[in-house]
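Here are a few exercises to work through with the model open beside you. Try each task before reading its solution.

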Amino acid sequence: MRQSSAVTGTRARTTRGARAARPRATTTTRAGLNVDLRGKKAFVAGVADDNGFGWAISKALSEAGAEVILGTWVPALNIFETSYRRGKFDESRKLSDGSMMTFSKIYPMDAVFDAMDDVPEDIATNKRYAGNEKWTVSEVAKCVEEDFGKIDVLVHSLANGPEVAKPLLETSRKGYLAAISASSYSNVSMIQHFGPLMNKGGAAISLTYLASEQIIPGYGGGMSSAKAALESDTRVLAYEAGRKWGIRVNTISAGPLGSRAAKAIGFIDKMINYSLSNAPLKEKPLEAIEIGNTAAFLCSPLASGITGATIYVDNGLNAMGLAETAPEISG
Ligand SMILES: NC(=O)c1ccc[n+]([C@@H]2O[C@H](COP(=O)([O-])OP(=O)(O)OC[C@H]3O[C@@H](n4cnc5c(N)ncnc54)[C@H](O)[C@@H]3O)[C@@H](O)[C@H]2O)c1
């Protein structure tokens, strides 16, 4: 008698009274567990060159198949678009399948203002804003909805602290509030205005830094406070936006990267070297794409159970309590 084996697809011979031969083990080739964002639309705020986290996140989202729409700070828009057109970013636009990352549209945006009524005269008439319109958060959200309908992913990759180089003890009220406005409330505002046009199951991501919870001398001007607010808001917004629109809200605490914004702080190279020497993953440079890949994962259905979280992508530096390279320890 012959029996067909459903497992191997081959025939296993049996004899009367004898035990059936065991089907031979086979290796099954699976597709792998992929971050699949095909058919999803992402709005990424905070890209003005190819050095920062916003660019790396856009790239990872593109690799995963998402359509990427940008919101670029108005004063930086002209130079970004010109450089883009002239091919300055062509090398870093290359995706793994040989195609080029493209942006469906680049909107002018200033995340410090929610509506035109909030814009003071000196900004409204500033020549760096001339020729652009509808760049406040509510207006950009409305334009995105008109042009693209619903979106699935919202990325806040921006910060600004005009007095970042000043210790907190010397920071003015104006400088402190400006840091909070540009770096924390901007995220609240984006979720307020883009939330209604996000599909259920969608996800919002922002970028934070360890200075929110541990002392990082030199990260001043209220920026440490702004990051603490951003992380707290991530939890509250996860609850409120989760209940209201069924979306997830997370933040990535990134290790040091020599972006344009970081260079403005003045000691980023030292921070990168400190991390290289002291992080658990010693001598492993932190690549922006590692933050990008984490963002893509967090925005994908694979992370459907993660919300309200601060996820560290910093080679583990946040977990260290002692700098091995301090002279008192290493000497
Ligand atoms: N670079 C680091 O070491 C580091 C570490 C942890 C977290 N982060 C965070 O990552 C995020 C991205 O910064 P980055 O380091 O990639 O630098 P970046 O210079 O690439 O990005 C900052 C962006 O913010 C934009 N921006 C500033 N003010 C704005 C406004 N009012 N409206 C709209 N856009 C505005 C700038 O044009 C710029 O594109 C920030 O939240 C930053 O705090 C950076």
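Two residues are in contact if their C-beta atoms, placed from the backbone, lie within 7 Å. Keep that in mind for the helix α10, where the cover over the buried residues includes α1, β6 (151-156), β7, β8 (248-254) and β9 (310-313). One more thing before we start: this is a predicted model.

**Exercise 1. Get your bearings**

Task: Find how many helices and strands the protein has, and what share of its residues is buried.

Solution: 
- Start with the elements: the protein has 11 helices and 9 strands.
- Then go to burial: 42% of the 331 residues count as buried.
- For the overall dimensions, the C-alpha atoms fill a box of roughly 95 × 60 × 45 Å along the principal axes.
- Finally, look at how the chain meets itself: among contacts with a separation of 6 or more, 75% are between residues 24 or more positions apart.

**Exercise 2. Is α10 enclosed or open?**

Task: Decide whether helix α10 (residues 288-298) is enclosed or open, going by its buried residues.

Solution: 
- A residue needs 20 or more other C-beta atoms within 10 Å of its own to count as buried.
- In α10, the residues that pass are A288, E290, I291, G292, N293, T294, A295, A296 and L298.
- That is 9 of the 11 residues, so α10 is largely enclosed by the rest of the structure.
- Now zoom in on one of its covering elements, α1. The axes of α1 and α10 are 7 Å apart, at an angle of about 50 degrees. That makes α1 oblique to α10.
- The crossing of α1 past α10 is right-handed.
- On the α1 side, the contact uses F53, A56, I57, K59, A60 and L61, and these meet A288, I289, I291, G292, N293, A295 and A296 of α10.
- By class, that contact has 10 nonpolar, 2 polar and 1 charged residues.

**Exercise 3. Two partners of α6**

Task: Describe how helix α6 (residues 173-194) packs with helix α7 (residues 223-245), and then how α6 packs with helix α5 (residues 137-148).

Solution: 
- Take α7 to begin with. The axes of α6 and α7 lie 9 Å apart at an angle of about 15 degrees.
- Angles under 35 degrees count as roughly parallel, so α6 and α7 are roughly parallel to each other.
- α6 passes α7 in a right-handed crossing.
- From α6, the contact takes in Y176, A179, I180, S183, S184, N187, V188 and I191; from α7, the residues are M223, S225, A226, A229, L230, D233, L237 and A241.
- Their classes are 11 nonpolar, 4 polar and 1 charged.
- A reminder that helps when you look down a helix like this: an α-helix has 3.6 residues a turn, so residues three or four places apart point the same way.
- Now switch to α5. Its axis and that of α6 come within 9 Å and cross at roughly 35 degrees, and this crossing is right-handed.
- V137, S138 and A141 of α5 meet S189, M190, H193 and F194 of α6.
- This contact has 4 nonpolar, 3 polar and no charged residues.

**Exercise 4. Two residues up close**

Solution: 
- N199 sits in strand β7.
- For distance practice, pick T102: N199 and T102 are 97 residues apart in sequence, and their C-alpha atoms are 22 Å apart.
- R93 belongs to helix α3 (residues 90-93).
- R93 and S58 are 35 residues apart in sequence and 9.9 Å apart in space, C-alpha to C-alpha.

Terms used: Residues numbered from 1 in each chain as written. Predicted model: local features only at pLDDT ≥ 70, side-chain atom pairs only at ≥ 80, totals over all residues. Helix = DSSP H or I, 4+ residues; strand = E, 2+ residues; numbered from the N terminus. Buried ≥ 20, exposed ≤ 12 C-beta atoms within 10 Å, placed from the backbone. Axes fitted to C-alpha atoms, helices over the stretch in contact; angles between N-to-C directions. Parallel < 35°, antiparallel > 145°, perpendicular 65-115°, else oblique. Left-handed = near helix turned anticlockwise from the far one by under 90°. Nonpolar A, V, L, I, M, F, W, Y, C, P; charged D, E, K, R; others polar.
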